[in-house]
Amino acid sequence: MATNPWAAAARMTPNELRDVPIFASLADGDLRWLAARGTETTLDSGAVLFREGDPADAFHVVLDGELRVTKLVEGRETEIDLLPTGSFTGDIGLLIDFPHVGTARATQRTRLLVRKVDQET
């Protein structure tokens, strides 16, 4: 497990993005824009993508694999969401400038598309 989940980042191609349900209806130009600005990364099973309270600074799409999102409730880790292939996270925090409400951890080797907000538009 890498300590920096972005360390092995790589760029995706527009054709790879077309197979992702959330992007299936995008025009070729939009897919090229996203491919040029998004980054692909892979998390090993058990690796944490973000922790509860971390600033929401990216939009994440699960390309392959699964994320388990948990929250501390009365001192116990409680599952609040399970994000399979094709799911996404980070959108609400970005829209309302709010930190992550839970911790996202890969349940298996998981490939993600990441679009950081501090990247150029």
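Helices, labelled H, and strands, labelled E, are DSSP runs numbered from the N terminus. The model described here is predicted. Its chain holds three helices and eight strands. From the N terminus, the order of elements is α-α-β-β-β-β-β-β-α-β-β. Of the 121 residues, 37% count as buried. Among contacts between residues at least 6 apart in sequence, 74% join residues at least 24 apart. The accessible surface of the chain is about 7,100 Å², and 51% of this area belongs to carbon and sulfur atoms.

The interior was examined next. In soluble globular proteins, nonpolar side chains tend to be buried together. The largest nonpolar core of this chain has 13 residues. Those with the most contacts inside this core are Leu43, Leu49, Val62, Leu67, Leu83, Ala104 and Leu112. Two or more core residues come from each of strands E2 (48-50), E3 (58-64), E4, E7 and E8 (110-116). A second, separate core has eleven residues, including Val20, Leu34, Phe59 and Leu63. Leu83, in the largest core, illustrates the packing. Beyond its neighbours within four places in sequence, Leu83 is in contact with Val62, Gly65, Glu66, Leu67, Val69, Phe88 and Thr89.

Helix H3 gives the largest share of the patch, three residues. Val101 lies in the loop between H3 and E7. Its relative accessible area is 45%, so Val101 counts as partly exposed, because that class runs between the 20% limit for buried and the 50% limit for exposed.

Charged side chains were then considered. Side chains of opposite charge can pair when their charged atoms come close. Arg18 is partly exposed at 30% relative accessibility. Asp28 is also partly exposed, at 47%.

Asp44 is partly exposed, with 29% relative accessibility, whereas Arg109 is exposed, with 56%.

Arg68 sits in strand E4 and Glu79 in strand E5, so the pair ties together parts eleven residues apart in sequence. Both residues are partly exposed: Arg68 has a relative accessible area of 31%, and Glu79 has 42%.

Backbone angles were also inspected. Most residues other than glycine have a negative phi. Glu74 has a positive phi, near 50°. This residue lies in the loop between strand E4 (66-73) and strand E5 (76-84). At 81% relative accessibility, Glu74 counts as exposed. Asp97 likewise has a positive phi, near 50°. Its place is the loop between helix H3 (91-96) and strand E7 (103-106). Asp97 is exposed too, with a relative accessibility of 69%.

Technical notes:
Residues are numbered from 1 along each chain as its sequence is written. This is a predicted model: local features need pLDDT of at least 70, side-chain atom pairs count only at pLDDT 80 or more; totals for chains, interfaces and linings use all residues. Side-chain values use heavy atoms; hydrogens and water are left out. Helices (H or I, at least four residues) and strands (E, at least two) are DSSP runs, numbered from the N terminus. Buried means under 20% relative accessible area, exposed over 50%, partly exposed in between (1.4 Å probe, protein chains only). A nonpolar core is a set of buried Ala, Val, Leu, Ile, Met, Phe, Trp, Tyr and Cys residues joined through side-chain atoms within 4.5 Å. Contact means heavy atoms within 4.5 Å. Accessible areas come from the Shrake-Rupley method with a 1.4 Å probe; for residues, only the protein chains shown count as cover.
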